[in-house]
Amino acid sequence: MDQLAQASMETRSIAVLPFVNMSNDRENEYFSDGITEEIINALTRIPGLKVIARTSSFAFKGKNEDVRSIGEQLGVASILEGSVRKSQKRIRITAQLIETRGGTHLWSKNYDRELEDIFAVQDEISLLIADQIRENFGHLVISEALVIPPKISSENYQRFLKGRYCVQLFNPEQVKEGISILERVIEESPGFALAYVSIHYGYNILAAAGLMPMQEALSTGKAYLDRAIALDHQLPEAFHSLGWHSLNQDWDFKSSEAYLLKAIKLRPGYAEAHQKLFISLALEGHLSQAFYHIQQALELDPLSPLSNYFMSYYYYLVRDFENTSYYFERTFELDPRFLVGYSIYALALISQGRTEEILQVTNLIPEMEGARVERLIMRALAEAATTVTENDSLTLKLMHAELTGPSRERVRFFLIYVELLRGNPERALTHIQNGIPNREPLLTLLKVDPVLKPLHTFPAFQAALDIIYAHSRSSKALKKSYSSPLLTKEEASEELGNLQAFMQAERPYLEADLSLRSLAANIELHPNKLSWLINDRIGKNFNEYVNTFRLDAFKEKALNPANRHLTLLALAFESGFNSKTVFNEFFKKKEGMPPRAWLKAQTV
């Protein structure tokens, strides 16, 4: 792909900022957040459209930051912002699309609807946004519908949004509350698959936090996930969760990759699926393929701690220590409470010979559940990499005491490193063998970790890898694909002639509200095909193509003595422009000077 085409693709990008809750009840925050998330999910179904993921978009919640600055941080050409007001059984949604380079408003609309119409409103907003991006920035293939109304009442759907909102807060008590709410949702709407996926996610959080026995939590959650797949074979979230479950609980790399590729196929802009596919491929050793997916994840979700952490892990594996440190530090800058990253960072510091910095990093861990154990692990790693003997190590004794607690699996995994660094490879191998019967998820890191390289010479270590990677294979990652022409050469030539003839004869561009869809209907051509025709054969986006006709019309009117009583702006509006800013910017871009200077030059 040439640089011009690549630049065009980069402009087809959007961040949906959290819609502001304008309701009197502050507890309706879950509703406005839920509407935002559903619009994001709808837009991610459009191939070729870069949609910033929820984590990064929601980083700007409650912040009054300039859209140009946000666009630069997220790498997007457009931003959608809006508000939601809910009152009894009615909602008012306002939305506006803004071009980030100059802060120009491209489109805005208000919706006053009954709550029963919520899914239709979400679909209408998503389609209109997609149309505006296509008209302003370049060709996209857009489905007739982006939101398929689920079989659930509006009241129960609101309950679902609240339950999912609670689960996503990660606070253990709120996760439990969210699961309880979602269980009520499926009691009333047993066919609503997305609620089952959210419950599964909640149980995963409880397992990770040590608030339930891991195997009990995971098996309970898996039952909900299986039900979700049985209800909906086209649900991206379900395949994403299946991929993550297959990797962590089943050690099934083949299935993990297949499920995650399916999720990406169903939702091309699915940042979380790219994240998980990265780690699945990386742990098998397919680093070049894995790198493509973490690049995609970081582009779609640049402010996600997990995306930055996975990128740091990639550079740790390939021993690029400068980038390793950069992305680890970026991870903790974004979220100091990203607990799972600290001990891996300690391993990276050991690899770089910077062991003395580990305790400094340890002191940065904020007070939270799990922080005590994480600090203990990091101190044990620091001691093991220095001269502290086993007999002098109170830390090591405290580590062993944790093997009977809720964090025993994490502690056991890092004891592998501690014992190896102390020169006790047999003890390290014993910890591996003790973790295998429980299929402890962290053991999937063993094969590729550079610190563990000395263990590769031991037959017992190779035997362990044979068990852990029994369901592994060389896998081809999802590659970028570019769409085939939507019209044959002969069809394109014929339709191009029809388009040009219609534009010259009927002059539809004089109507300020002309859209790609309305023009397509007039010439009886599908909007996707018309979009492709204008972009590929004419080399312009829709608005640039139409505004070129409007500009010619304006010049003709401006040079006509009969129009001298009219202002230049009035002539611009008569020519089809509906914005002074758009008119002036487009004129200057094409002619290299303002309209008044151009007219003066013509009359000299």
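The legends below describe several views of a predicted model.

Numbering starts at 1 in each chain and follows the sequence as written. In this predicted model, local features need pLDDT of at least 70 and side-chain atom pairs count only at pLDDT 80 or more, while totals for chains, interfaces and linings use all residues; side-chain values use heavy atoms, with hydrogens and water left out.

**View 1**
Helices (H or I, at least four residues) and strands (E, at least two) are DSSP runs, numbered from the N terminus. Along the principal axes, the C-alpha atoms fill a box of roughly 100 × 55 × 45 Å. Of the 604 residues in the chain, 54% are buried; buried means under 20% relative accessible area, exposed over 50%, and partly exposed in between (1.4 Å probe, protein chains only). A contact is a pair with heavy atoms within 4.5 Å. Among contacts between residues at least 6 apart in sequence, 63% join residues at least 24 apart.

**View 2. The surface and charges of the chain.**
The chain exposes about 27,300 Å², and carbon and sulfur atoms supply 50% of that area. Accessible areas come from the Shrake-Rupley method with a 1.4 Å probe; for residues, only the protein chains shown count as cover. There are 66 positive and 74 negative side chains, and the centres of the two sets lie 2 Å apart. Lys and Arg count as positive and Asp and Glu as negative, with His and the chain ends not counted. Each charge is placed at NZ of Lys, CZ of Arg, CG of Asp or CD of Glu.

**View 3. Strand β4 and its pairing with β1 and β2.**
Strand β4 covers residues 78–87; seven of its 10 residues are buried, so the strand is largely enclosed by the rest of the structure. Two strands pair if DSSP finds at least two bridges between them. Strand β1 (residues 13–16) runs parallel to β4 and is joined to it by three bridges, with A15 bridged to I79. Strand β2 (residues 20–21) also pairs with β4 in the parallel sense, over two bridges; here V20 has S83 as its partner.

**View 4. Two hairpins, β4 with β5 and β5 with β6.**
Strand β5 (residues 90–99) runs antiparallel to β4, and 10 bridges join them. E81 stands opposite Q96 of β5. Two residues separate β4 from β5 in their hairpin, and Q88 in the turn has a positive phi of about 55 degrees. Strand β6 (residues 104–114) is antiparallel to β5, again over 10 bridges, and L97 faces W107 in β6. This hairpin has four residues between its strands; G103 in the turn has a positive phi of about 75 degrees.

**View 5. Helix α6, residues 154–167.**
The 14 residues of α6 should span 20 Å at 1.5 Å a residue, and the end C-alpha atoms are 20 Å apart, which agrees. The expected span is 1.5 Å times one less than the number of residues. Helix α6 is mostly covered, with 11 of its 14 residues buried. Among them are Y157, F160, L161 and V167.

**View 6. L514 in the loop between α23 and α24.**
The loop holding L514 lies between α23 (489–506) and α24 (516–522). L514 is buried, with a relative accessible area of 12%. Leaving aside residues up to four places away in sequence, L514 touches P508, Y509, L519, F542, V546 and R550. M378 is 136 residues from L514 in sequence, and their C-alpha atoms are 63 Å apart.
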